[in-house]
Amino acid sequence: MEDLQNIIGYHFTNKELLVEALTHSSYANEHRSKHIRYNERLEFLGDAVLSIVVSDYIFKNCPELPEGELTKLRASLVCEKSLFEFAKTINLGKYLVLSKGERNNGGAERPSIVSDAFEALIAAIYIDGGMDAAAKHILHFVIPAIKNSKKKKINDYKTTLQEIIQKNPGEQLEYVLVGQSGPDHNKHFVVEVHLNSNVIGKGGGRSKKEAEQQAAREALELMGY
């Protein structure tokens, strides 16, 4: 328990909350005890705390995203797959209290069990230390994930530029080939991207597609993205 608290950088006042967050129902069932508290109720609360913290953060820090994209981003951050990846970075499965059968069957590495425990841990921190402590814990995982998501998205400059322009109905983007040179096996293309006939970016590449991407990249830079 002390190891895990050191890893997450939060030390519980009420250690019983941490034990409950890490205890799986299989352990209580194995011991046939009604007095052993397991993490399903905490998981329920943790899911809600996670959602509000992530929603609040991306609403304030991703002003360029419309409602639909905010919803998609939040869903990608709170899904089982992401929570399992977050949990693996702190080796959460190692600390779970499972029945012998569940442990032997790989329960400590099962995404559903580990991601549920991650949510239960959030709730335990929230109850023990309040919303600020819970938000600090959550954002330690979420902020890097958002940055990685933006990096992946920005690699497709044309799509990113199109999504930005689409927010203003009536605006028209057009890619115009303005030059090409070199032999057939080593062509170089130059493309301009026009917004309502105004040049907003120019790029070159060994294919038209590459030139268009570079033109879109320049346009995004000029627009401050």
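Trainee: How many bridges join β1 to β2, and which way do they run?

Mentor: Keep in mind this is a predicted model. Eight bridges join β1 (residues 173-181) to β2, and the two strands run antiparallel. L173, for instance, has L195 of β2 as its bridge partner.

Trainee: And what's between β1 and β2?

Mentor: Six residues, making a hairpin, and G182 in that turn has a positive phi of about 95°.

Trainee: What does β2 do with β3?

Mentor: β2 pairs with β3 (residues 198-205) over seven bridges, again in the antiparallel sense, with H194 standing opposite V199. That hairpin has two residues between the strands, and N196 takes a positive phi near 50°.

Trainee: How many residues of β2 are buried?

Mentor: Six of the eight in β2 (residues 188-195), so the strand is mostly covered.

Trainee: Switching to rings: how many aromatic pairs are there?

Mentor: A search of the whole structure finds four. One of them is F86 with F118, a tilted pair at 6.0 Å centre to centre and 50° between the planes. F86 sits in helix α6 and F118 in helix α8, 32 residues apart.

Trainee: Why does F118 count as buried?

Mentor: Because its relative accessibility is 1%, and the cut-off for buried is under 20%. F118 also pairs with F141: the centres are 5.1 Å apart and the planes at 80°, so that pair is edge-to-face. F141 is in helix α9, 23 residues from F118.

Trainee: Which residues end up in the cluster?

Mentor: F86, F118 and F141, linked by ring pairs.

Trainee: Last one: what lies over the face of Y175?

Mentor: K158, at 4.7 Å from the ring centre.

Definitions and conventions:
Residues are numbered from 1 along each chain as its sequence is written. This is a predicted model: local features need pLDDT of at least 70, side-chain atom pairs count only at pLDDT 80 or more; totals for chains, interfaces and linings use all residues. Side-chain values use heavy atoms; hydrogens and water are left out. Buried means under 20% relative accessible area, exposed over 50%, partly exposed in between (1.4 Å probe, protein chains only). Helices (H or I, at least four residues) and strands (E, at least two) are DSSP runs, numbered from the N terminus. Two strands pair if DSSP finds at least two bridges between them. Rings of Phe, Tyr and Trp (its six-membered ring) pair if their centres lie within 6.5 Å; planes under 30 degrees apart count as stacked, over 60 as edge-to-face and the rest as tilted. A charge sits over a ring if NZ of Lys or CZ of Arg is within 6 Å of the ring centre and within 35 degrees of the ring normal.
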